[in-house]
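Work through the exercises below with the structure in view. Each task is followed by a solution in steps.

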Amino acid sequence: MALKARALYNFQSENKEEISIQENEELVIFSENSLDGWLQGQNSRGETGLFPASYVEILRSRSGSSYTDCSSSPAGSPRHDSFYTATPNPSISYQGSFEDDEDDDWDDWDDACTVVEEPRSAPGTNGHPSPNLQYPTAYGHHQHTGYRPKPALERQDSMSSSKRGSVVGRNLNRFSCFVRSGVEAFILGDVPLMSKIAEVYCIEMGSKGPQWRANPHPFICSVEDPTKQTKFKGIKSYISYKLTPSNINSPVYRRYKHFDWLYNRLLHKFTVISVPHLPEKQATGRFEEDFIEKRKRRLILWMDHMTSHPVLSQYEGFQHFLCCRDEKQWKLGKRRAEKDEMVGASFLLTIQIPTEHQDLQDVEDRVDTFKAFSKKMEDSVLQLTNVASELVRKHVGGFRKEFQKLGNAFQAISHSFYMDPPYSSDALNNAISHTGKTYETVGEMFAEQPNNDLFLMLDTLSLYQGLLSNFPDIIHLQKGAFAKVKESQRMSDEGRMDQEEADGIRKRCRVVGFALQAEMNHFHERRVADFKRMMQSYLKQQIIFYQRVSQQLEKTLRMYDNL
(Lines give C-alpha, C1' and ligand atoms only; values in the text may rest on other atoms or scores of the structure.)
Protein backbone atom coordinates (compact mmCIF):
# COMPACT_ATOMS: atom_id res chain seq x y z
CA MET A 1 0.00 0.00 0.00
CA ALA A 2 1.45 3.36 -1.02
CA LEU A 3 1.90 5.94 1.73
CA LYS A 4 2.62 9.66 1.67
CA ALA A 5 5.79 10.92 3.28
CA ARG A 6 7.85 14.09 3.67
CA ALA A 7 11.62 14.43 3.31
CA LEU A 8 13.36 15.64 6.47
CA TYR A 9 16.77 16.21 4.85
CA ASN A 10 18.36 16.56 1.45
CA PHE A 11 19.74 13.32 -0.01
CA GLN A 12 21.84 13.12 -3.20
CA SER A 13 21.73 9.80 -5.07
CA GLU A 14 25.08 8.16 -5.81
CA ASN A 15 24.04 5.40 -8.22
CA LYS A 16 21.21 4.39 -10.52
CA GLU A 17 19.38 2.46 -7.79
CA GLU A 18 18.89 5.57 -5.63
CA ILE A 19 16.93 8.79 -6.14
CA SER A 20 17.62 12.28 -4.83
CA ILE A 21 15.18 13.94 -2.44
CA GLN A 22 14.95 17.52 -1.12
CA GLU A 23 14.01 18.73 2.35
CA ASN A 24 10.21 19.09 2.72
CA GLU A 25 9.62 17.33 -0.60
CA GLU A 26 6.46 15.21 -0.77
CA LEU A 27 7.17 11.55 -1.45
CA VAL A 28 5.25 8.35 -2.11
CA ILE A 29 6.43 5.31 -0.13
CA PHE A 30 5.67 1.89 -1.61
CA SER A 31 6.03 0.13 1.76
CA GLU A 32 6.82 1.45 5.22
CA ASN A 33 8.98 -1.59 5.95
CA SER A 34 12.56 -0.44 5.58
CA LEU A 35 15.00 -2.60 3.67
CA ASP A 36 18.17 -2.57 5.78
CA GLY A 37 17.52 1.11 6.47
CA TRP A 38 16.34 2.04 2.97
CA LEU A 39 12.88 2.72 1.62
CA GLN A 40 11.51 2.37 -1.89
CA GLY A 41 9.44 5.21 -3.21
CA GLN A 42 8.88 7.99 -5.70
CA ASN A 43 9.86 11.64 -5.46
CA SER A 44 7.86 14.64 -6.73
CA ARG A 45 9.67 14.43 -10.11
CA GLY A 46 8.34 10.95 -10.75
CA GLU A 47 11.71 9.23 -10.19
CA THR A 48 11.50 5.82 -8.52
CA GLY A 49 14.23 4.30 -6.35
CA LEU A 50 15.79 4.01 -2.89
CA PHE A 51 16.55 6.60 -0.20
CA PRO A 52 17.45 6.40 3.51
CA ALA A 53 14.48 5.65 5.77
CA SER A 54 15.79 8.03 8.45
CA TYR A 55 15.62 10.93 6.01
CA VAL A 56 11.84 10.87 5.76
CA GLU A 57 8.76 10.83 7.92
CA ILE A 58 5.66 8.91 6.91
CA LEU A 59 2.51 10.99 7.18
CA ARG A 60 -0.41 9.39 9.04
CA SER A 61 -3.52 11.13 7.81
CA ARG A 62 -5.87 9.01 9.93
CA SER A 63 -4.53 10.09 13.30
CA GLY A 64 -2.81 13.28 12.23
CA SER A 65 0.44 12.01 13.68
CA SER A 66 3.65 11.37 11.88
CA TYR A 67 6.05 8.47 12.08
CA THR A 68 9.75 8.46 11.39
CA ASP A 69 11.54 5.22 10.61
CA CYS A 70 14.90 5.42 12.36
CA SER A 71 16.22 2.14 11.05
CA SER A 72 19.27 3.95 9.74
CA SER A 73 20.94 7.30 10.10
CA PRO A 74 23.33 9.33 8.01
CA ALA A 75 26.23 8.17 10.15
CA GLY A 76 25.15 4.52 10.32
CA SER A 77 22.94 2.77 12.85
CA PRO A 78 21.80 -0.63 14.14
CA ARG A 79 20.79 -3.14 11.53
CA HIS A 80 17.58 -5.04 10.89
CA ASP A 81 18.08 -8.79 10.92
CA SER A 82 15.38 -9.38 8.34
CA PHE A 83 16.35 -9.90 4.72
CA TYR A 84 15.07 -7.95 1.77
CA THR A 85 12.05 -9.85 0.50
CA ALA A 86 9.87 -7.09 -0.92
CA THR A 87 9.18 -6.70 -4.62
CA PRO A 88 12.25 -5.21 -6.26
CA ASN A 89 12.13 -1.74 -7.69
CA PRO A 90 11.00 -2.06 -11.31
CA SER A 91 13.35 0.72 -12.35
CA ILE A 92 16.38 -1.26 -11.23
CA SER A 93 17.62 -3.69 -13.84
CA TYR A 94 19.88 -6.66 -13.20
CA GLN A 95 21.81 -8.25 -16.02
CA GLY A 96 22.32 -11.96 -16.02
CA SER A 97 21.38 -15.20 -17.64
CA PHE A 98 19.03 -16.87 -15.16
CA GLU A 99 16.01 -16.92 -17.46
CA ASP A 100 14.59 -20.34 -18.27
CA ASP A 101 16.02 -22.00 -21.33
CA GLU A 102 13.96 -23.39 -24.15
CA ASP A 103 13.70 -26.74 -22.37
CA ASP A 104 12.85 -26.82 -18.70
CA ASP A 105 13.70 -30.47 -18.10
CA TRP A 106 17.17 -31.50 -17.01
CA ASP A 107 17.00 -35.25 -17.45
CA ASP A 108 20.60 -35.34 -18.67
CA TRP A 109 21.88 -33.28 -15.73
CA ASP A 110 20.47 -34.71 -12.49
CA ASP A 111 17.77 -32.31 -11.29
CA ALA A 112 18.20 -33.22 -7.66
CA CYS A 113 21.68 -31.76 -7.38
CA THR A 114 20.99 -28.13 -8.23
CA VAL A 115 21.92 -25.60 -5.58
CA VAL A 116 18.85 -24.84 -3.51
CA GLU A 117 20.61 -22.06 -1.64
CA GLU A 118 20.56 -19.85 -4.74
CA PRO A 119 17.09 -18.60 -5.69
CA ARG A 120 16.62 -18.58 -9.45
CA SER A 121 16.62 -14.85 -9.82
CA ALA A 122 18.51 -12.43 -11.98
CA PRO A 123 21.88 -11.41 -10.55
CA GLY A 124 23.44 -8.03 -10.80
CA THR A 125 26.05 -7.14 -13.34
CA ASN A 126 28.81 -9.73 -13.62
CA GLY A 127 27.00 -12.06 -11.30
CA HIS A 128 26.61 -10.03 -8.11
CA PRO A 129 23.46 -11.24 -6.35
CA SER A 130 20.40 -9.07 -6.73
CA PRO A 131 18.74 -7.37 -3.75
CA ASN A 132 15.98 -9.96 -3.50
CA LEU A 133 18.51 -12.68 -2.77
CA GLN A 134 19.28 -13.50 0.83
CA TYR A 135 22.67 -11.88 0.91
CA PRO A 136 25.11 -12.68 3.72
CA THR A 137 26.16 -9.26 4.96
CA ALA A 138 29.14 -8.71 7.18
CA TYR A 139 26.85 -8.29 10.19
CA GLY A 140 23.72 -10.17 9.27
CA HIS A 141 22.68 -13.79 8.90
CA HIS A 142 24.94 -15.95 6.74
CA GLN A 143 23.04 -18.48 4.67
CA HIS A 144 25.26 -18.84 1.61
CA THR A 145 27.03 -22.08 0.76
CA GLY A 146 30.39 -20.35 0.51
CA TYR A 147 29.96 -17.83 3.31
CA ARG A 148 29.64 -19.12 6.87
CA PRO A 149 29.99 -17.25 10.18
CA LYS A 150 33.32 -17.82 11.80
CA PRO A 151 34.47 -17.76 15.40
CA ALA A 152 36.52 -14.83 16.58
CA LEU A 153 39.86 -16.61 16.21
CA GLU A 154 39.30 -17.17 12.49
CA ARG A 155 39.01 -13.51 11.58
CA GLN A 156 41.59 -12.07 9.20
CA ASP A 157 42.30 -9.32 11.72
CA SER A 158 43.04 -9.76 15.38
CA MET A 159 40.15 -8.91 17.67
CA SER A 160 42.35 -8.53 20.71
CA SER A 161 42.61 -4.79 20.24
CA SER A 162 40.77 -2.80 22.84
CA LYS A 163 39.88 -0.33 20.11
CA ARG A 164 38.05 -2.95 18.05
CA GLY A 165 34.76 -1.17 18.64
CA SER A 166 35.81 1.69 16.38
CA VAL A 167 35.90 -0.38 13.20
CA VAL A 168 35.39 1.16 9.77
CA GLY A 169 31.71 1.72 9.11
CA ARG A 170 29.73 -0.27 6.58
CA ASN A 171 28.13 1.33 3.55
CA LEU A 172 24.66 2.75 4.13
CA ASN A 173 23.48 1.36 0.82
CA ARG A 174 23.38 -2.40 1.36
CA PHE A 175 22.30 -2.85 -2.27
CA SER A 176 25.48 -1.47 -3.84
CA CYS A 177 27.55 -4.01 -5.74
CA PHE A 178 30.45 -3.31 -3.34
CA VAL A 179 28.32 -4.77 -0.55
CA ARG A 180 26.38 -7.39 -2.51
CA SER A 181 29.52 -8.89 -4.01
CA GLY A 182 31.05 -9.42 -0.56
CA VAL A 183 34.09 -7.27 -1.38
CA GLU A 184 33.29 -4.89 1.48
CA ALA A 185 33.36 -7.84 3.88
CA PHE A 186 36.67 -8.98 2.37
CA ILE A 187 38.26 -5.53 2.72
CA LEU A 188 37.14 -5.27 6.36
CA GLY A 189 38.48 -8.74 7.16
CA ASP A 190 35.09 -10.40 7.55
CA VAL A 191 35.55 -13.16 4.98
CA PRO A 192 36.40 -16.50 6.63
CA LEU A 193 39.88 -17.87 6.04
CA MET A 194 39.92 -21.40 4.68
CA SER A 195 42.19 -23.96 6.30
CA LYS A 196 43.32 -25.11 2.85
CA ILE A 197 43.00 -23.29 -0.46
CA ALA A 198 43.45 -25.69 -3.35
CA GLU A 199 43.38 -23.15 -6.16
CA VAL A 200 45.76 -20.24 -6.56
CA TYR A 201 45.77 -17.50 -9.21
CA CYS A 202 48.93 -15.43 -9.43
CA ILE A 203 49.44 -11.86 -10.56
CA GLU A 204 52.89 -10.77 -11.68
CA MET A 205 54.38 -7.50 -12.83
CA GLY A 206 54.70 -7.13 -16.58
CA SER A 207 55.97 -4.38 -18.85
CA LYS A 208 52.60 -2.60 -18.64
CA GLY A 209 51.84 -3.29 -14.99
CA PRO A 210 50.14 -6.15 -13.15
CA GLN A 211 49.02 -9.08 -15.27
CA TRP A 212 47.56 -12.51 -14.67
CA ARG A 213 50.13 -15.28 -14.81
CA ALA A 214 49.61 -17.16 -18.06
CA ASN A 215 47.94 -20.56 -18.09
CA PRO A 216 50.85 -23.05 -18.04
CA HIS A 217 48.84 -25.37 -20.28
CA PRO A 218 47.23 -23.13 -22.92
CA PHE A 219 44.64 -24.58 -25.27
CA ILE A 220 41.88 -23.64 -27.67
CA CYS A 221 38.48 -25.20 -28.23
CA SER A 222 36.44 -25.43 -31.42
CA VAL A 223 32.66 -25.09 -31.55
CA GLU A 224 31.23 -26.96 -34.52
CA ASP A 225 28.36 -28.90 -36.05
CA PRO A 226 25.21 -27.49 -34.43
CA THR A 227 22.80 -30.40 -34.78
CA LYS A 228 19.10 -30.60 -34.04
CA GLN A 229 18.34 -33.54 -31.78
CA THR A 230 15.16 -34.86 -30.19
CA LYS A 231 14.11 -36.87 -27.17
CA PHE A 232 10.91 -38.22 -25.68
CA LYS A 233 10.08 -39.65 -29.13
CA GLY A 234 10.34 -36.26 -30.78
CA ILE A 235 8.37 -34.25 -28.23
CA LYS A 236 11.44 -32.22 -27.17
CA SER A 237 13.95 -30.75 -29.59
CA TYR A 238 17.24 -28.96 -28.97
CA ILE A 239 20.50 -27.99 -30.67
CA SER A 240 23.70 -29.78 -29.69
CA TYR A 241 27.17 -28.29 -30.31
CA LYS A 242 30.34 -30.29 -30.78
CA LEU A 243 33.21 -28.97 -28.61
CA THR A 244 36.76 -30.20 -29.18
CA PRO A 245 39.45 -28.92 -26.78
CA SER A 246 42.93 -29.00 -28.31
CA ASN A 247 44.52 -30.34 -25.12
CA ILE A 248 42.59 -33.65 -25.26
CA ASN A 249 41.38 -33.62 -28.88
CA SER A 250 38.30 -35.57 -27.88
CA PRO A 251 34.87 -34.04 -28.59
CA VAL A 252 32.02 -33.53 -26.16
CA TYR A 253 28.49 -32.41 -27.01
CA ARG A 254 26.79 -29.60 -25.12
CA ARG A 255 23.46 -27.82 -25.35
CA TYR A 256 22.95 -24.11 -24.86
CA LYS A 257 21.53 -24.70 -21.38
CA HIS A 258 24.82 -26.34 -20.44
CA PHE A 259 26.64 -23.18 -21.54
CA ASP A 260 24.11 -21.19 -19.49
CA TRP A 261 24.81 -23.26 -16.38
CA LEU A 262 28.56 -22.73 -16.79
CA TYR A 263 28.10 -19.01 -17.37
CA ASN A 264 26.21 -18.59 -14.11
CA ARG A 265 28.88 -20.55 -12.24
CA LEU A 266 31.46 -18.13 -13.66
CA LEU A 267 29.44 -15.08 -12.63
CA HIS A 268 28.96 -16.46 -9.15
CA LYS A 269 32.64 -17.20 -8.62
CA PHE A 270 34.76 -14.55 -10.33
CA THR A 271 33.84 -11.26 -8.69
CA VAL A 272 36.56 -9.05 -10.19
CA ILE A 273 36.72 -10.59 -13.68
CA SER A 274 34.75 -9.41 -16.70
CA VAL A 275 33.12 -12.66 -17.78
CA PRO A 276 32.13 -12.56 -21.48
CA HIS A 277 28.37 -12.64 -22.01
CA LEU A 278 26.76 -15.58 -23.73
CA PRO A 279 24.87 -15.04 -26.99
CA GLU A 280 21.32 -13.93 -26.36
CA LYS A 281 18.41 -16.35 -26.10
CA GLN A 282 15.44 -16.38 -28.42
CA ALA A 283 11.94 -17.59 -27.58
CA THR A 284 10.84 -18.26 -31.16
CA GLY A 285 12.66 -19.27 -34.31
CA ARG A 286 15.46 -20.99 -32.40
CA PHE A 287 15.62 -23.78 -34.98
CA GLU A 288 15.88 -21.42 -37.95
CA GLU A 289 19.10 -21.74 -39.89
CA ASP A 290 20.10 -18.08 -39.60
CA PHE A 291 19.65 -18.05 -35.81
CA ILE A 292 21.60 -21.30 -35.35
CA GLU A 293 24.45 -19.99 -37.48
CA LYS A 294 24.51 -16.68 -35.59
CA ARG A 295 24.58 -18.43 -32.22
CA LYS A 296 27.40 -20.72 -33.38
CA ARG A 297 29.52 -17.76 -34.51
CA ARG A 298 29.04 -16.00 -31.19
CA LEU A 299 29.70 -19.14 -29.16
CA ILE A 300 33.00 -19.47 -31.06
CA LEU A 301 33.97 -15.94 -29.99
CA TRP A 302 32.82 -16.62 -26.42
CA MET A 303 34.87 -19.81 -26.26
CA ASP A 304 37.90 -18.02 -27.71
CA HIS A 305 37.75 -15.45 -24.92
CA MET A 306 37.28 -18.11 -22.28
CA THR A 307 40.26 -20.21 -23.38
CA SER A 308 42.49 -17.13 -23.73
CA HIS A 309 41.79 -15.84 -20.21
CA PRO A 310 44.58 -16.94 -17.81
CA VAL A 311 42.13 -17.41 -14.92
CA LEU A 312 38.85 -18.50 -16.49
CA SER A 313 40.59 -21.08 -18.67
CA GLN A 314 41.98 -22.83 -15.58
CA TYR A 315 38.69 -22.92 -13.66
CA GLU A 316 37.90 -26.50 -12.69
CA GLY A 317 34.24 -26.11 -13.63
CA PHE A 318 35.20 -24.95 -17.13
CA GLN A 319 37.60 -27.85 -17.59
CA HIS A 320 34.90 -30.25 -16.42
CA PHE A 321 32.47 -28.70 -18.90
CA LEU A 322 34.91 -29.21 -21.77
CA CYS A 323 36.32 -32.63 -20.97
CA CYS A 324 33.87 -34.79 -19.03
CA ARG A 325 32.20 -37.52 -21.09
CA ASP A 326 31.03 -39.92 -18.38
CA GLU A 327 27.49 -39.22 -17.14
CA LYS A 328 28.16 -40.19 -13.52
CA GLN A 329 31.36 -38.15 -13.34
CA TRP A 330 29.55 -35.29 -15.03
CA LYS A 331 26.94 -35.10 -12.28
CA LEU A 332 29.58 -35.34 -9.56
CA GLY A 333 31.60 -32.54 -11.14
CA LYS A 334 28.49 -30.40 -11.58
CA ARG A 335 27.60 -30.86 -7.92
CA ARG A 336 31.18 -30.07 -6.87
CA ALA A 337 31.15 -26.82 -8.88
CA GLU A 338 27.85 -25.78 -7.30
CA LYS A 339 29.23 -26.40 -3.80
CA ASP A 340 32.46 -24.49 -4.45
CA GLU A 341 33.18 -22.27 -1.45
CA MET A 342 35.82 -20.12 -3.13
CA VAL A 343 33.29 -17.87 -4.84
CA GLY A 344 32.54 -14.16 -4.71
CA ALA A 345 34.58 -12.47 -2.01
CA SER A 346 36.22 -15.77 -1.07
CA PHE A 347 37.68 -15.96 -4.58
CA LEU A 348 39.88 -13.00 -3.60
CA LEU A 349 41.59 -15.29 -1.06
CA THR A 350 42.94 -17.37 -3.95
CA ILE A 351 44.82 -14.43 -5.52
CA GLN A 352 48.55 -14.02 -4.90
CA ILE A 353 49.87 -10.55 -5.67
CA PRO A 354 53.42 -9.25 -6.28
CA THR A 355 55.48 -7.76 -3.49
CA GLU A 356 56.19 -4.59 -5.50
CA HIS A 357 54.90 -1.42 -3.89
CA GLN A 358 52.18 0.52 -5.69
CA ASP A 359 51.06 3.95 -4.58
CA LEU A 360 47.30 3.75 -4.11
CA GLN A 361 46.80 7.21 -5.60
CA ASP A 362 48.65 6.14 -8.75
CA VAL A 363 46.45 3.06 -8.96
CA GLU A 364 43.34 5.15 -8.51
CA ASP A 365 44.46 7.53 -11.28
CA ARG A 366 45.12 4.57 -13.58
CA VAL A 367 41.68 3.16 -12.84
CA ASP A 368 40.05 6.54 -13.47
CA THR A 369 41.77 6.70 -16.85
CA PHE A 370 40.52 3.22 -17.72
CA LYS A 371 37.02 4.13 -16.53
CA ALA A 372 36.91 7.12 -18.90
CA PHE A 373 38.36 5.00 -21.70
CA SER A 374 35.89 2.14 -21.22
CA LYS A 375 32.94 4.54 -21.17
CA LYS A 376 34.10 6.19 -24.39
CA MET A 377 34.75 2.81 -25.99
CA GLU A 378 31.33 1.54 -24.92
CA ASP A 379 29.68 4.55 -26.55
CA SER A 380 31.70 4.15 -29.76
CA VAL A 381 31.00 0.39 -29.90
CA LEU A 382 27.30 1.13 -29.61
CA GLN A 383 27.58 3.78 -32.32
CA LEU A 384 29.36 1.39 -34.69
CA THR A 385 26.85 -1.34 -33.88
CA ASN A 386 23.97 0.94 -34.84
CA VAL A 387 25.67 2.03 -38.06
CA ALA A 388 26.58 -1.54 -39.05
CA SER A 389 23.07 -2.79 -38.24
CA GLU A 390 21.56 -0.07 -40.41
CA LEU A 391 23.98 -0.95 -43.20
CA VAL A 392 22.90 -4.61 -42.97
CA ARG A 393 19.30 -3.49 -43.33
CA LYS A 394 20.19 -1.48 -46.41
CA HIS A 395 22.17 -4.32 -47.95
CA VAL A 396 19.35 -6.80 -47.49
CA GLY A 397 16.56 -4.39 -48.42
CA GLY A 398 17.36 -0.99 -49.90
CA PHE A 399 20.48 -1.71 -51.94
CA ARG A 400 19.05 -4.88 -53.47
CA LYS A 401 15.82 -3.14 -54.40
CA GLU A 402 17.62 -0.16 -55.96
CA PHE A 403 19.88 -2.35 -58.08
CA GLN A 404 16.88 -4.45 -59.10
CA LYS A 405 15.06 -1.27 -60.15
CA LEU A 406 18.10 -0.19 -62.16
CA GLY A 407 18.32 -3.60 -63.80
CA ASN A 408 14.64 -3.58 -64.68
CA ALA A 409 14.99 -0.10 -66.18
CA PHE A 410 17.87 -1.23 -68.42
CA GLN A 411 15.86 -4.23 -69.58
CA ALA A 412 12.91 -1.97 -70.32
CA ILE A 413 15.17 0.09 -72.60
CA SER A 414 16.27 -3.11 -74.35
CA HIS A 415 12.69 -4.25 -74.89
CA SER A 416 11.73 -0.86 -76.33
CA PHE A 417 14.52 -1.14 -78.92
CA TYR A 418 12.88 -4.28 -80.31
CA MET A 419 9.76 -2.30 -81.20
CA ASP A 420 11.16 -1.04 -84.55
CA PRO A 421 12.82 -4.08 -86.23
CA PRO A 422 14.38 -2.25 -89.23
CA TYR A 423 16.50 -0.15 -86.90
CA SER A 424 16.93 -2.78 -84.20
CA SER A 425 20.42 -4.04 -83.28
CA ASP A 426 20.27 -7.45 -81.65
CA ALA A 427 23.80 -7.16 -80.33
CA LEU A 428 23.11 -3.81 -78.64
CA ASN A 429 19.75 -4.98 -77.33
CA ASN A 430 21.29 -8.13 -75.88
CA ALA A 431 24.13 -6.14 -74.30
CA ILE A 432 21.72 -3.70 -72.64
CA SER A 433 19.48 -6.56 -71.49
CA HIS A 434 22.50 -8.37 -70.04
CA THR A 435 23.52 -5.14 -68.27
CA GLY A 436 20.11 -5.11 -66.57
CA LYS A 437 20.54 -8.72 -65.45
CA THR A 438 24.05 -7.93 -64.22
CA TYR A 439 22.73 -5.20 -61.92
CA GLU A 440 20.07 -7.56 -60.60
CA THR A 441 22.87 -10.00 -59.79
CA VAL A 442 24.84 -7.21 -58.12
CA GLY A 443 21.77 -6.47 -55.99
CA GLU A 444 21.68 -10.10 -54.83
CA MET A 445 25.41 -9.92 -54.08
CA PHE A 446 24.81 -6.88 -51.87
CA ALA A 447 22.03 -8.74 -50.03
CA GLU A 448 24.31 -11.69 -49.31
CA GLN A 449 27.46 -9.71 -48.44
CA PRO A 450 26.65 -9.08 -44.71
CA ASN A 451 27.16 -12.82 -44.16
CA ASN A 452 30.80 -12.33 -45.10
CA ASP A 453 31.70 -9.13 -43.28
CA LEU A 454 29.11 -7.12 -41.33
CA PHE A 455 27.71 -10.05 -39.35
CA LEU A 456 31.22 -10.97 -38.20
CA MET A 457 31.82 -7.35 -37.17
CA LEU A 458 28.54 -7.24 -35.24
CA ASP A 459 29.46 -10.47 -33.45
CA THR A 460 32.68 -8.93 -32.13
CA LEU A 461 30.94 -5.68 -31.19
CA SER A 462 28.27 -7.62 -29.30
CA LEU A 463 30.91 -9.48 -27.32
CA TYR A 464 32.63 -6.23 -26.36
CA GLN A 465 29.36 -4.55 -25.41
CA GLY A 466 28.99 -7.31 -22.81
CA LEU A 467 32.59 -7.11 -21.59
CA LEU A 468 32.47 -3.32 -21.26
CA SER A 469 29.13 -3.39 -19.44
CA ASN A 470 30.79 -5.44 -16.68
CA PHE A 471 33.48 -2.90 -15.83
CA PRO A 472 31.46 -0.16 -14.06
CA ASP A 473 30.55 -2.55 -11.25
CA ILE A 474 34.06 -4.02 -11.10
CA ILE A 475 35.54 -0.52 -10.90
CA HIS A 476 32.99 0.34 -8.21
CA LEU A 477 34.42 -2.51 -6.12
CA GLN A 478 37.87 -0.96 -6.30
CA LYS A 479 36.51 2.51 -5.54
CA GLY A 480 34.74 1.14 -2.47
CA ALA A 481 37.95 -0.55 -1.35
CA PHE A 482 39.93 2.69 -1.70
CA ALA A 483 37.31 4.54 0.32
CA LYS A 484 37.70 2.01 3.16
CA VAL A 485 41.49 2.45 3.10
CA LYS A 486 41.21 6.21 3.39
CA GLU A 487 38.65 5.93 6.16
CA SER A 488 40.73 3.41 8.11
CA GLN A 489 43.86 5.56 7.82
CA ARG A 490 41.96 8.59 9.07
CA MET A 491 40.67 6.61 12.04
CA SER A 492 44.19 5.36 12.75
CA ASP A 493 45.56 8.91 12.66
CA GLU A 494 42.82 9.93 15.09
CA GLY A 495 43.73 7.06 17.43
CA ARG A 496 40.42 5.25 16.94
CA MET A 497 41.97 2.23 15.19
CA ASP A 498 45.19 0.31 15.52
CA GLN A 499 47.64 0.92 12.70
CA GLU A 500 47.96 -2.85 12.33
CA GLU A 501 44.26 -3.12 11.51
CA ALA A 502 44.46 -0.22 9.04
CA ASP A 503 47.44 -1.91 7.39
CA GLY A 504 45.36 -5.08 7.02
CA ILE A 505 42.64 -3.16 5.19
CA ARG A 506 45.26 -1.56 2.94
CA LYS A 507 46.80 -4.98 2.21
CA ARG A 508 43.45 -6.46 1.17
CA CYS A 509 42.72 -3.37 -0.92
CA ARG A 510 45.96 -4.10 -2.79
CA VAL A 511 44.53 -7.49 -3.77
CA VAL A 512 41.46 -5.87 -5.30
CA GLY A 513 43.60 -3.20 -6.99
CA PHE A 514 46.06 -5.68 -8.46
CA ALA A 515 43.24 -7.92 -9.68
CA LEU A 516 41.48 -5.02 -11.42
CA GLN A 517 44.71 -3.86 -13.06
CA ALA A 518 45.46 -7.38 -14.25
CA GLU A 519 41.96 -7.58 -15.72
CA MET A 520 42.41 -4.19 -17.39
CA ASN A 521 45.72 -5.39 -18.87
CA HIS A 522 44.14 -8.58 -20.22
CA PHE A 523 41.23 -6.61 -21.68
CA HIS A 524 43.59 -4.33 -23.59
CA GLU A 525 45.60 -7.26 -24.94
CA ARG A 526 42.46 -8.95 -26.22
CA ARG A 527 41.02 -5.69 -27.54
CA VAL A 528 44.07 -5.03 -29.71
CA ALA A 529 44.07 -8.58 -31.10
CA ASP A 530 40.30 -8.76 -31.63
CA PHE A 531 39.84 -5.39 -33.30
CA LYS A 532 42.90 -5.93 -35.50
CA ARG A 533 41.40 -9.21 -36.66
CA MET A 534 37.93 -7.69 -37.06
CA MET A 535 39.13 -4.78 -39.19
CA GLN A 536 41.44 -6.92 -41.30
CA SER A 537 38.65 -9.41 -41.96
CA TYR A 538 36.16 -6.67 -42.84
CA LEU A 539 38.51 -4.91 -45.26
CA LYS A 540 39.60 -8.16 -46.93
CA GLN A 541 35.98 -9.19 -47.44
CA GLN A 542 35.12 -5.74 -48.77
CA ILE A 543 37.97 -5.98 -51.29
CA ILE A 544 36.86 -9.46 -52.37
CA PHE A 545 33.26 -8.27 -52.68
CA TYR A 546 34.02 -5.24 -54.84
CA GLN A 547 36.40 -7.31 -56.95
CA ARG A 548 33.52 -9.70 -57.66
CA VAL A 549 31.24 -6.75 -58.50
CA SER A 550 33.97 -5.32 -60.74
CA GLN A 551 34.38 -8.67 -62.52
CA GLN A 552 30.66 -8.77 -63.25
CA LEU A 553 30.71 -5.24 -64.65
CA GLU A 554 33.87 -5.81 -66.71
CA LYS A 555 32.36 -8.95 -68.25
CA THR A 556 29.25 -6.96 -69.21
CA LEU A 557 31.32 -4.06 -70.57
CA ARG A 558 33.12 -6.37 -73.00
CA MET A 559 29.79 -7.15 -74.69
CA TYR A 560 29.81 -3.61 -76.14
CA ASP A 561 33.31 -3.88 -77.64
CA ASN A 562 32.31 -5.60 -80.91
CA LEU A 563 29.13 -3.67 -81.68
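**Exercise 1.** In which helix do Glu390 and Arg393 lie, and how many residues apart are they?

Solution. In this predicted model, helix α7 spans residues 360-417 and holds both Glu390 and Arg393. They are three residues apart, about one turn of the helix. Their side chains form a salt bridge, with 2.5 Å from N to O. Next, take the accessibility. Exposed requires over 50% relative accessible area, and buried under 20%. Arg393 has 52%, so Arg393 is exposed. Glu390 has 32%, so Glu390 is partly exposed.

**Exercise 2.** Which parts does the pair Glu316 and Arg336 tie together?

Solution. The closest N and O atoms of this salt bridge are 2.9 Å apart. Glu316 belongs to helix α5 (residues 316-323) and Arg336 to helix α6 (residues 327-338), so the bridge ties together parts 20 residues apart in sequence. Arg336 is partly exposed, at 46% relative accessible area. In total, the structure has 27 salt bridges.

**Exercise 3.** Which residues form a negative surface patch with Asp290?

Solution. The patch consists of Glu288, Glu289, Asp290 and Glu293. Asp290 is located in helix α4, residues 289-308. Its relative accessibility is 65%, so Asp290 counts as exposed.

Note on methods: Residues are numbered from 1 along each chain as its sequence is written. This is a predicted model: local features need pLDDT of at least 70, side-chain atom pairs count only at pLDDT 80 or more; totals for chains, interfaces and linings use all residues. Side-chain values use heavy atoms; hydrogens and water are left out. Patches are made of residues with over 30% relative accessible area and no salt bridge: like charges are joined within 9 Å, nonpolar side chains (Val, Leu, Ile, Met, Phe, Trp, Tyr) within 5 Å. Accessible areas come from the Shrake-Rupley method with a 1.4 Å probe; for residues, only the protein chains shown count as cover. A salt bridge is a side-chain nitrogen of Lys or Arg within 4 Å of a carboxyl oxygen of Asp or Glu. Lys and Arg count as positive and Asp and Glu as negative; His and the chain ends are not counted. The place of a charge is taken as NZ of Lys, CZ of Arg, CG of Asp or CD of Glu. Helices (H or I, at least four residues) and strands (E, at least two) are DSSP runs, numbered from the N terminus. Buried means under 20% relative accessible area, exposed over 50%, partly exposed in between (1.4 Å probe, protein chains only).
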